[in-house]
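The structure is shown first.

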Amino acid sequence: MECGKFPELLRSQSSVLRAELYIRLLYSVLVDADYLDTQRHFDPDLAAARTSKPLDASDLLDRLLRHVAGLSQGSSDSEVSRVRQQVLHACLRAADERPGFFSLTVPTGGGKTLSSMAFALKHAQQHQLRRIIYVLPYLNIIEQNAEVLRDALGPDLVLEHHSLADGLSVEQATASSRTGRGADQEPVETPSHRLAAENWDAPVIVTTTVQFFESCLAHRPARCRKLHRVPRSVVILDECQTLPPGLLEPILSVLQTLVEDYRTTVIFCTATQPAFRRRPALPIGVPPEKLREIAPDPRRLFRSMRRVEVRWPQPGESWSWEQVVTELANQKQALCIVNLRAHATELFTLLRAKSSDDVFHLSTNMCPAH
């Protein structure tokens, strides 16, 4: 967008929202330049540790496809494998389309992570986009997905940025990198990764929904500093059904502005696609004709991947904890989900006393260290 067009943005309410993002982008550029210039002046050694790596989409796509081919060779010729291949090929075909909004509706286990990344890389290659931003809602899955992408693309090209990756300052990371270990004896990021996380100067970024939208909408300089890296990117919103309904208006507004004014592509990626299309109840939604589905016949994919039979209790039927424990103990493998943490603890205690097999208890009282 040209600076001379700025006054035109103030002529309607929707344009005011576009003007707001325009101002934020200018502010982001200014703040980042100020931080970088100050660092070069006061700490030239630390500034020299910055290593800017542009996105080489062609090379990364080749790496990814070789990685997927290797995984396919080691898997059986099953329906799941065939579905994953269909999804991957559909993503590669759709990548030639113009930038904009896409949805990828694929059942769990259908290979969304690698297929959506294949789409993003080929799409970036075709349209000269600058980076891939992979956005996830939960910390307990972001590290897993980041590891999958590092295995496919290389450890030095994927920047993982979230609160659990923010535990050390740049200086601490620099010191601990000399030994390769942190205080808890876990490997830590290199100083260049820590520096890249400050302004998202990396070809592939894996981050949380909170980090991403705070970078777009927050008022703090350190948050806004990353915003100017988002235009001309491919943004993959994985598990997008978790976006908070009460915040959909600003979220969809900023996404549409990024798409319409800044050549950004957004992919809504999930097994349970939310209703983000524009309708009377959601006037800020994406126009239906502008949201393109990538997956070939999602209903057929779900039928092919169906692995669960649901049996509802009879009217008036109820089970005691002892009955639940007996049923679980008779299974070769089982997962039991209950409403309350206290119930989970009670059930775990009863099952542990009854079964000699491995029994695991998980709850939100625990953190990734467990």
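## Surroundings of Pro99

Leaving aside neighbours within four places in sequence, Pro99 is in contact (heavy atoms within 4.5 Å) with His123, His127, Thr265 and Arg292. Pro99 belongs to the loop between α4 (79–94) and β1 (101–105), and its relative accessible area of 25% makes Pro99 partly exposed, a class between buried, under 20%, and exposed, over 50% (1.4 Å probe, protein chains only). Although 165 residues separate Pro99 from Thr264 in sequence, their C-alpha atoms are 6.5 Å apart in space.

## Packing of α4 and α5

The axes of α4 and helix α5 (residues 112–127) come within 8 Å and cross at roughly 20°. The two helices α4 and α5 are therefore roughly parallel to each other, a term for angles under 35 degrees. On the side of α4, the contact is made by Arg84, Val87, Leu88, Cys91, Leu92 and Ala94, and on the side of α5 by Ser115, Ser116, Ala118, Phe119 and Lys122. By class, the residues of this contact are seven nonpolar, two polar and two charged.

## Confidence and conventions

This is a predicted model, in which local features need pLDDT of at least 70 and side-chain atom pairs count only at pLDDT 80 or more, while totals for chains, interfaces and linings use all residues. Residues are numbered from 1 along each chain as its sequence is written, and side-chain values use heavy atoms, with hydrogens and water left out.

The protein chain averages a pLDDT (the predictor's confidence in each residue, from 0 to 100) of 85, and 87% of the residues score at least 70. Over residues 167–188 the pLDDT is below 50.

Notes: Helices (H or I, at least four residues) and strands (E, at least two) are DSSP runs, numbered from the N terminus. Axes are lines fitted to C-alpha atoms, for helices over the stretch in contact, and angles run from 0 to 180 degrees between N-to-C directions. Angles under 35 degrees count as roughly parallel, over 145 as roughly antiparallel, 65 to 115 as roughly perpendicular and the rest as oblique. Ala, Val, Leu, Ile, Met, Phe, Trp, Tyr, Cys and Pro count as nonpolar, Asp, Glu, Lys and Arg as charged, and the others, Gly among them, as polar.
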